[in-house]
Amino acid sequence: MSQWGPTARLSYWAFHADRRPAYMRFAYLHLGSDRGAEQAVDAAFDTIMGEWLRMLHMDRLDAYAWTVLKRCIVDRQHPRDPWLHRPEPMDTSAFEAALREARADRYEVLTDTIRFYSAASRLVERQRDAVLLRYGLRCTPGEAAAVMGVDEATVRSHLGQAHRRLARLLDTSAGS
């Protein structure tokens with residue numbers, strides 16, 4: 001980085017400052033711990049920093065960075081040492097949602113959240129990402145699009161497809 005020009009340095013740090021909060025929330029949702037999320041996001045930004053000068057010439061820099069982040073999350077989810085395996089974070093998220101919902105029946109909130117995340121886990125990757133950003137992290141479609149490095153219309157399309165698939169999956173599982 002010391003050999004970069006001032007424009008490259010400023011653009012990297014601006015990208016870092018803009019994306020890090022959303023990346024941390026997304027990584028936490030998947031990894032279930034601050035430590036795991038921070039390690040995954042730090043690893044992603046280390047990789048991005050190493051590729052930054054090349055990335056500046058890409059049409060979809062954000063999409064490439066999103067791919068790097070997701071690879072780093074997967075690396076943390078499936079460590080090489082089986083003794084380090086942690087519980088799936090969607091289970092943790094369901095419990096956290098139940099605790100946040102003080103006015104509702106906590107058991108009902110917990111079971112609904114587990115059913116939703118279980119169904120969401122069966123979506124294709126881009127649909128699942130859009131759903132988790134939109135509903136799990138409460139991003140607007142525009143914010144989700146910026147984080148994923150795609151057009152807002154693409155996120156809306158993924159959400160529409162996901163809604164239809166989730167309706168089928170949840171309807172099927174409710175009847176079981």
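The conversation below sets values against the definitions behind the labels.

Colleague: What should I keep in mind about the source and the numbering?
Modeller: This is a predicted model, in which local features need pLDDT of at least 70 and side-chain atom pairs count only at pLDDT 80 or more, while totals for chains, interfaces and linings use all residues. Residues are numbered from 1 along each chain as its sequence is written, and side-chain values use heavy atoms, with hydrogens and water left out.

Colleague: Thanks! Which elements does the protein chain have, and what makes a stretch count as one?
Modeller: The protein chain has eight helices and zero strands, running α-α-α-α-α-α-α-α from the N terminus on. Helices are DSSP runs of H or I with at least four residues, strands are runs of E with at least two, and both are numbered from the N terminus.

Colleague: How do you know that the length of helix 3 agrees with its number of residues?
Modeller: The expected span is 1.5 Å times one less than the number of residues. Helix 3 (residues 61-77) has 17 residues and should therefore span 24 Å; its end C-alpha atoms are 25 Å apart, which agrees.

Colleague: Why is Ala37 called buried?
Modeller: Buried means under 20% relative accessible area, exposed means over 50%, and partly exposed is in between, with a 1.4 Å probe and protein chains only. Ala37 has 1% relative accessibility, so it counts as buried. Ala37 is found in helix 2 (residues 34-55). Setting aside residues up to four places away in sequence, Ala37 touches Met24, Ala27, Tyr28 and Leu31, where contact means heavy atoms within 4.5 Å.

Colleague: Is Tyr64 buried, exposed or partly exposed, and why?
Modeller: Tyr64 has a relative accessible area of 23%, so it is partly exposed. Tyr64 is found in helix 3, and, leaving aside neighbours within four places in sequence, it is in contact with Glu51, Arg54, Met55 and Met58. Elsewhere in helix 3, the buried residues include Trp66, Leu69 and Ile73.

Colleague: What makes the crossing of helix 1 and helix 3 right-handed?
Modeller: A crossing is right-handed if the near helix is turned clockwise from the far one by less than a right angle, and left-handed if anticlockwise. Helix 1 (residues 6-31) and helix 3 pack at an angle of about 35°, with their axes 11 Å apart, and their crossing is right-handed. Those axes are lines fitted to C-alpha atoms over the stretch in contact, and angles run from 0 to 180 degrees between N-to-C directions.

Colleague: Which residues meet there?
Modeller: Among them are Phe15, Tyr23 and Phe26 in helix 1, and Trp66, Leu69 and Arg76 in helix 3. The residues of this contact divide into 10 nonpolar, two polar and three charged. Here Ala, Val, Leu, Ile, Met, Phe, Trp, Tyr, Cys and Pro count as nonpolar, Asp, Glu, Lys and Arg as charged, and the others, Gly among them, as polar.

Colleague: Why is Leu123 called buried, and where is it found?
Modeller: Leu123 is found in the loop between helix 5 (106-120) and helix 6 (125-136). Its relative accessibility is 3%, so Leu123 counts as buried. Leaving aside neighbours within four places in sequence, Leu123 is in contact with Arg128, Val131, Ala162, Arg165 and Leu166.

Colleague: And why is His158 called buried?
Modeller: His158 has a relative accessible area of 16%, so it is buried. His158 is found in helix 8 (residues 152-174) and touches Arg126, Gln127 and Ala130, not counting residues up to four places away in sequence.

Colleague: What is the phi of Arg138, and is the residue buried or exposed?
Modeller: Arg138 has a positive phi of about 60° although it is not a glycine. Most residues other than glycine have a negative phi. Arg138 lies in the loop between helix 6 and helix 7 (141-148), and its relative accessible area is 65%, so Arg138 is exposed.
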